[in-house]
Amino acid sequence: MTDPEDVNERQILRSWTVNAAPWTRAIETSSIASRKLVTDHAILEAVASVGARTVWDVGCGEGWLVRALTAAGMVACGTDAVPELIAQARRGAGEFRVLSYAEIANRAMTAAADGPSSSALRAPAYDAAVCNFSLLGKESVATLIAALAGHLVERGHLIIQTLHPVAACGENPYCDGWRPGSWAGFDAQFTAPAPWYFRTVGSWLSLLRRSGFELIECREPTAPGAATPASIIFICRQRRAEPPL
Ligand SMILES: C[S@@+](CC[C@H](N)C(=O)[O-])C[C@H]1O[C@@H](n2cnc3c(N)ncnc32)[C@H](O)[C@@H]1O
C-alpha cells in the first residue's frame with residue numbers, strides 16, 4: 001500500500017512543478033503583499049545579522065534570495081528539487097543546482113558511511129544555510145535539517161523563515177499534523193495546492209535541537225498595524241561538538 005506520507009511529500013513537489021511559471025511571475029511582479037511589506041526584508045536582515053560570506057539557499061525557488069544576497073556582496077548558491085524553477089533561477093546571478101532534500105540527506109548519510117575520504121565531504125561547507133518558506137513537508141524536512149549541519153563550517157548558521165505557527169494555525173488544534181493546501185489570495189493560474197506539515201513552535205525547536213543546532217534568536221516580523229506576525233524566523237547555530245568523556 002502507498003504510504004500517505006509519501007503521497008503528501010510527492011504532491012508538494014508536483015505542485016511546485018506545475019506552478020513554477022505562475023510562481024516566477026508572482027515573484028517578478030512582487031505580487032505577494034506580505035513578502036513585499038515584511039518578509040523579504042526580514043530574511044535579508046536575518047542573513048546579514050550572522051555575518052555569513054557564503055550562503056546556501058535551500059529550496060531556492062526561482063532564485064530571488066540568491067540574487068539579493070549576491071547583490072549584497074555574499075557568495076550565494078541555491079538548490080531546489082524543481083528543474084523548471086532552477087532554469088528560471090539560472091537566468092540571473094548566483095549558482096544553482098537541481099537537488100531535492102532527500103538527495104541532500106542521502107549524500108550526508110553516504111558521506112558518514114564512507115568516512116573522511118568520501119567526495120561528499122569535500123563538497124563546499126557554507127557559513128550559513130537559509131530556508132525561506134521552503135520547509136513544507138514532514139520527513140523530507142526532518143531529514144534535511146538533520147543533514148544540514150554536516151554541510152556547514154564549524155559553528156555555521158541555519159536561518160529558517162516559515163509561516164508563524166500561531167498565525168497559521170487558524171481554527172485547527174495547535175498540534176503537529178498535515179494541513180490541506182490552498183492558493184487563496186493567489187491568482188487563478190495557480191493550481192493543485194499541496195498539503196503542508198504544520199509544526200508548533202515547540203516542535204520546530206526540538207527538531208532543531210536534535211538536528212545539532214542551538215537557537216540564538218527568534219524573530220517575529222509583523223507588518224505595521226497587523227494583529228499577528230507575518231512569519232517566524234529561527235536563527236540557529238551549529239552546536240559545539242560534545243567534548244569526549
Ligand atoms: C514557497 S517556495 C519558496 C521558494 C524560495 N525559497 C522563495 O523564498 O521564494 C517553496 C520551495 O521549496 C521547494 N521545495 C519544497 N520541497 C522540496 C524538497 N523536498 N526538495 C527540494 N526543494 C523543495 C519548492 O520546489 C519551492 O521552490
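This is a predicted model: local features need pLDDT of at least 70, side-chain atom pairs count only at pLDDT 80 or more; totals for chains, interfaces and linings use all residues.
A polar contact is a pair of N or O atoms within 3.5 Å.

View 1. A polar side-chain atom of Trp-64 is placed 3.1 Å from an oxygen atom of the ligand, and a polar side-chain atom of Asp-80 lies 2.6 Å from an oxygen atom of the ligand. On the backbone, a polar atom of Ala-81 is found 3.4 Å from a nitrogen atom of the ligand. The ligand taken alone exposes 590 Å², of which the protein buries 96%.

**View 2. The shell of residues around the ligand.** The ligand is surrounded by 19 residues, the closest being Arg-35, Gly-59, Asp-80, Tyr-101 and Asn-132. By class, the shell comprises 12 nonpolar, 5 polar and 2 charged residues, and helix H1 (residues 4–18) gives the most to it, with 3 residues.

**View 3. The largest nonpolar core, with Val-47 and Ile-159.** This core has 34 residues, and Val-47 and Ile-159 touch the most other members. Elements that each supply at least two residues of this core include H1, helix H3 (33–49), strand S4 (126–132) and strand S9 (232–238). Apart from its neighbours within four places in sequence, Val-47 is in contact with Ala-52, Val-55, Leu-69, Met-74, Val-130 and Ile-159. A second, separate core of 28 residues includes Ala-105, Val-141, Ala-142 and Phe-213.

**View 4. Helix H7 (residues 139–148), a mostly covered helix.** Of the 10 residues of H7, 7 are buried, namely Ser-140, Val-141, Ala-142, Leu-144, Ile-145, Ala-147 and Leu-148. Val-141 and Ala-142 also belong to the second core, the one of 28 residues.

Conventions: Residues are numbered from 1 along each chain as its sequence is written. Side-chain values use heavy atoms; hydrogens and water are left out. A residue is near a molecule or strand if one of its heavy atoms lies within 4 Å of it. A polar contact is a pair of N or O atoms within 3.5 Å; within protein, one must be able to donate a hydrogen and the other to accept it, and residues adjacent in sequence count only if both atoms are side-chain atoms. Accessible areas come from the Shrake-Rupley method with a 1.4 Å probe; for residues, only the protein chains shown count as cover. Helices (H or I, at least four residues) and strands (E, at least two) are DSSP runs, numbered from the N terminus. Ala, Val, Leu, Ile, Met, Phe, Trp, Tyr, Cys and Pro count as nonpolar, Asp, Glu, Lys and Arg as charged, and the others, Gly among them, as polar. Buried means under 20% relative accessible area, exposed over 50%, partly exposed in between (1.4 Å probe, protein chains only). A nonpolar core is a set of buried Ala, Val, Leu, Ile, Met, Phe, Trp, Tyr and Cys residues joined through side-chain atoms within 4.5 Å. Contact means heavy atoms within 4.5 Å.
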